[in-house]
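Dear colleague,

I am passing on the structure that we discussed, and my notes follow it.

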Protein chains: 2
Amino acid sequence: MSLVIVGTIAFDAIKTPFGETDKIVGGAATFAGLAASFLYDNVKLISVIGEDFGDNIAILNRRHIDTTGVEVIRGGQTFFWSGKYHNDMNSRDTLATDLNVLADFDPKIPVSYQDCDYLLLGNLTPQVQIDTLDRLHNKPKLVVLDTMNYWMNTALDDLKTVLKRVDVLTINDAEARQLSREYSLVKAADRILEMGPRYLIIKKGEHGALLFGEGQVFSAPALPLAEVFDPTGAGDAFAGGFAGYLARVKTVNFSNMKNAVIYGSAMASFCVERFGTQRLETLTYEEITLRIQQFIALSRFEISE
Amino acid sequence: MSLVIVGTIAFDAIKTPFGETDKIVGGAATFAGLAASFLYDNVKLISVIGEDFGDNIAILNRRHIDTTGVEVIRGGQTFFWSGKYHNDMNSRDTLATDLNVLADFDPKIPVSYQDCDYLLLGNLTPQVQIDTLDRLHNKPKLVVLDTMNYWMNTALDDLKTVLKRVDVLTINDAEARQLSREYSLVKAADRILEMGPRYLIIKKGEHGALLFGEGQVFSAPALPLAEVFDPTGAGDAFAGGFAGYLARVKTVNFSNMKNAVIYGSAMASFCVERFGTQRLETLTYEEITLRIQQFIALSRFEISE
């Protein structure tokens, strides 16, 4: 039994109002894997890196993440992304996207990964997400898919194909509106759930997240933060924390899905406190427990009448 | 013991993507008073209207709202506002603002209103809010102030003066940022609480509301709605529901403030379902109870470990 995460591993160079970084480790699979590793002890990654990635893989292995499925391309360069966040931290400009070895990514599934019962398809080309599903011998118990507006603009047909095969979709509010062509998020959720997923999570950044499914809706708060240091990877950390929690509790129902959204939100709230993976690398389980208590205090009210 | 509400009573003409109205009854005191009247049975209004308002005052009296303090100006015309909402319902253009009798509004407090222990200063010129406080013989137990960016732009000094004398301020997120000159809402709340109020409510429309005070923070969800028919008065209905609940439970503490935010949010969610005051006029207490249950279901999660 394992949680398999497919996604990018990258070098990022980031500018925020608080400073800037040289090449640091990033990528959807990295953030999701680190986040998941605090909640579940059998996390396995599928990705591709260049030889230049070198010892950085230790960031993952130190968290006991299985990287057998991370292919290293001899003489290749790792995917590189560079971006600059504006003062409001809600918008950013991409300064560079060098696909490098990601351009030919052909996901290979080690035999030892065929025990996968929870699968997180991180934000990636929909075709790679489809290939991964095709190459698993058994349909996982739960498939979670993360995607973004870029794939809606460039690979909508493939995206719609893979949506038919997943259980949970996570996107942000603007993407939900784009995908559904509905402004109301309630109507958007209805349309998107008709496209395949049984559950939809709409991420709203500083406004929290909405979970739709089983004819119910859940509104998760975001932790109000004095400072967002670097938003990079927050959505991936959310997805990793979400999938990691579900893999641990094993039962998929709306009640556990709500808790998983809270755990995902907690992991995202840590992620943005430092540049890149810094905060997730040094996190402790005790800190997570305390933060979950903060989420409870933040949203709990008692009306008795 | 009473809840006194000071604010505008108006005629509104509204265009939304769903239709448009001729002159219908509106105004901050109207929406707030109607909302409060479902939660507390001794609601008294202070406002000014023209002779043209006529029998419309019955909309308030039918809800047993005391309108002794609503001055009728002989031959005067009632304040008129006309606006058009855009497709997203989050932005609007003001088409007309005819102050009419509101231009010379000098709030008069009937002797029978001097039992006021809860005071809601609805969105109005800060000078009128100050005059009202000056003319009450006793300081109320709780003073709630609603305001908007217009007064920050045109009467900031007066607004800062009245802020020193209130317990609760309700504004939206853009206004909180403008007033505090801080982007982070956590920092904005710190700055604003230094200006006088003990509690701050930041209204975020479809994203819910944040309550700050006593070193704590509470995040209230908004009810996800398939359709917002007419947003006019939602903020006023929120303030009225909030103050009405607190007047009823009588004890001001963070726990009751949280519940009051939920009741305010529920009243706002009804308000937007129809044009103007239509929904609040026909509402029943049973419907409110059911909606509160919806808010509980929407935000409740159980993490046990």
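Strand 2 and strand 3 of chain A form a hairpin with two residues between them, strands being DSSP runs of E of at least two residues and helices runs of H or I of at least four, numbered from the N terminus. This is a predicted model, in which local features need pLDDT of at least 70 and side-chain atom pairs count only at pLDDT 80 or more, while totals for chains, interfaces and linings use all residues. Residues are numbered from 1 along each chain as written, chains are lettered from A in the order in which they are written, and side-chain values use heavy atoms, without hydrogens and water.

Two bridges join the antiparallel strands 2 and 3 of chain A (strands pair if DSSP finds at least two bridges between them), with A:Thr16 opposite A:Gly19. Strand 2 of chain A also runs parallel to strand 7 (residues 80-85) of chain A, through five bridges, and there A:Phe11 has A:Phe80 as its bridge partner. Because six of its seven residues are buried, strand 2 (residues 10-16) of chain A is largely enclosed by the rest of the structure, buried meaning under 20% relative accessible area (1.4 Å probe, protein chains only).

As for the interface, 39 residues from chain A and 39 residues from chain B take part in the contact, which is defined by heavy atoms within 4.5 Å. The rule finds four salt bridges between chain A and chain B, each a side-chain nitrogen of Lys or Arg within 4 Å of a carboxyl oxygen of Asp or Glu; A:Lys187 and B:Glu227 meet in a salt bridge at 2.9 Å, N to O.

With best wishes

Methods. Buried means under 20% relative accessible area, exposed over 50%, partly exposed in between (1.4 Å probe, protein chains only).
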